[in-house]
Amino acid sequence: MTKQRHVAVLPGDGIGPEIVEEGVKVMKQAGEQFGYHFQVDFGLIGGSAVDRVQNPLPTETLQICWEADAVLLGAVGGPAWDKNPPELRPEKALLRLRKELGLFANLRPAKLFSGLEQSSTLKAEVLEGVDLLVVRELTGGIYFGEKRREQTERGEKATDTLVYQDYEVERILRRAFEWARNRRKKVTSVDKANVLESSRLWRQVAERVAGEYPDVKLDHMLVDNCAMQIIHRPTDFDVIVTENMFGDILSDEAAILTGSIGLLPSASIGEGNRGLYEPVHGSAPGIAGEGVANPVATILSVAMMFRHSFGDEQAARAIEAAVTCVLNQGARTMDLAAPGDLALSTDQFGDRVIEEL
Ligand code: ATP
Ligand code: MG
C-alpha cells in the first residue's frame, strides 16, 4: 500500500534553492523505494518572497505548511535584505513559521562521519565516535519574554525577561527522554540552576519527568561546564536538552565537532507529527548560484523528516547510510575537499547519494 504524504517545500534564498533541489531528489528516490506517494507544494519564503510579494511569509506559504505533513526549508536571508525594516526581514519568516506551527522542540544531531576528523579543528582522538543530539526548547525563554527600554537618571536601561512555565519544560523533557530511548539512553539536562530561578524549575521538572523513564539515565549539568565538556569530552554525551538561548549557543558549538556546517541537519517538532526540516547553516550568499554548496545537511534533514514526521526509521537510516557511503568513498564538496582535491558539485553529490540509495 502506498503511503500518501504532503510535503511543503520552501527553497528560500541564497544557496537554498540549490540544496533543496538535492533534498527533494533524495526524498523522491527514498519515497519510491519505501512505498510513498508525495504531493509536493512549493512556497515562497524569506527575501525572495519579499522581492516578489512584499512579505517574508506570504499567507499562501503558511497555508501550504498548515496542510502539509512536513515542511522542507532551504535557508533565508542575505545582505540584500539586511537593511529592510523589521517586518520585511527574511528571518522574521522563520520565527513566525515556527511559532504558527507550534514547533517547540529543535533537534540538532551532531555526528562525526569517519574520514572527516581532519576537517575539524579539534584532535581526532577527541572526536572519535562523536554522536550527540542537542534538543533545544524553541518557543519560550528569554527570546519570547517581555522586552523593555526605559530612560533612567543614569541613562538608558534595557530589560529582557526569561520565563518558563512547567508545562513548557515538561513537554520538551518528555521528547528528549523519548528520543534518548532510541539512542544510548542518556539525557543531560543543561541549566544554570546555581543562579537562575527558571533553571531551578527546569531541574525540578526534569527530575519528575525522569521518573517516567526509569530506563534512561538523567544527569544535570551547568551550562558553563557543558560548553567546556562538549569540546573536551564530546563522546560523553548522548542527548543534551536545554532551554532556548543555551541551546542556541551549545548547538552551534557542537556543530564544530563535525568538520563543516554544510553537514548538519535539523528538525523542529511540535505536539503532532508535523515538523520543519532545514539545514543548520544559513543561505551562504557568498557561494550562491555556483553549484558548489554541500547538500548533505539538507539531505540528512530529509532523513529526519522520514524519522520524525513519517515514523519511518528504516527509510531514515537508508538515507543516512547512503550519505555515509558516499563520504566513505572519498566524495567531497568544496567545503570538505583538501587543497588540490577534486570537489563534486552540489548536484553531482546528490546524484551519488541517489546511486547509493
Ligand atoms: P546566517 O546568518 O543565515 O546564519 P551566515 O553567513 O552566518 O548566515 P552561513 O550562511 O551558514 O552563515 O555561512 C557560513 C559559512 O559557511 C560561509 O562561509 C558559507 O559559505 C559556508 N557554508 C554554509 N553552508 C554551506 C554549505 N551547505 N556548503 C558549503 N559551504 C557552506
Ligand atoms: Mg549564522
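Tutor: We begin with residue classes: Ala, Val, Leu, Ile, Met, Phe, Trp, Tyr, Cys and Pro count as nonpolar, Asp, Glu, Lys and Arg as charged, and the others, Gly among them, as polar. By these classes, the shell around ligand 1 divides into seven nonpolar, seven polar and one charged residue. This is a predicted model, in which local features need pLDDT of at least 70 and side-chain atom pairs count only at pLDDT 80 or more, while totals for chains, interfaces and linings use all residues. Residues are numbered from 1 along each chain as its sequence is written, and chains are lettered from A and ligands numbered from 1 in the order in which they are written.

Student: Which residues are the closest to ligand 1?

Tutor: G262, H281, G282, A284 and N294 are the closest of the 15 residues that surround ligand 1 (near means a C-beta atom, placed from the backbone, within 6 Å).

Student: How is a sheet read, and what is the order of the strands in the open sheet?

Tutor: Strands (E, at least two residues) and helices (H or I, at least four) are DSSP runs numbered from the N terminus, and two strands pair if DSSP finds at least two bridges between them. Here an open sheet of 10 strands with mixed pairing has the order 2-1-3-12-11-4-5-10-8-9. Strand 2 (36–42) and strand 9 (217–222) are at the edges with a single partner strand each, so one side of each lacks a neighbour in the sheet. On average, neighbouring strands are turned by 25° against each other, direction ignored. Within the sheet, strand 11 (residues 265–269) pairs with strand 12 (residues 275–279) in the antiparallel sense over five bridges; A267 has Y277 as its bridge partner in strand 12.

Student: Which strands does helix 9 touch?

Tutor: Contact requires C-beta atoms, placed from the backbone, within 7 Å. Helix 9 (residues 244–255) packs on the sheet and touches strand 4 (105–111), strand 5 (131–137), strand 8 and strand 10 (239–242), its direction making about 155° with that of strand 5. Helix 8 (residues 223–232) lies across strand 8 (186–191) and strand 9, at about 105° to strand 9.

Student: How is a pair of helices described, and at what angle do helix 10 and helix 11 cross?

Tutor: Two packed helices are described by the angle between their axes and the distance between the axes. Axes are lines fitted to C-alpha atoms, for helices over the stretch in contact, and angles run from 0 to 180 degrees between N-to-C directions. The axes of helix 10 (residues 296–309) and helix 11 come within 7 Å and cross at roughly 160°. Helix 10 and helix 11 are therefore roughly antiparallel (over 145 degrees; under 35 is roughly parallel, 65 to 115 roughly perpendicular and the rest oblique). Their contact has 11 nonpolar, no polar and three charged residues.

Student: Which residues of helix 11 meet helix 12?

Tutor: A322, V323, C325 and V326 in helix 11 meet R352, V353 and E356 in helix 12. Helix 11 (residues 313–328) and helix 12 pack at about 120°, with their axes 8 Å apart.

Student: Where does helix 1 stand relative to helix 12?

Tutor: The axes of helix 1 (residues 16–33) and helix 12 (residues 346–356) come within 10 Å and cross at roughly 15°, which makes helix 1 roughly parallel to helix 12.

Conventions. Two residues are in contact if their C-beta atoms, placed from the backbone, lie within 7 Å.
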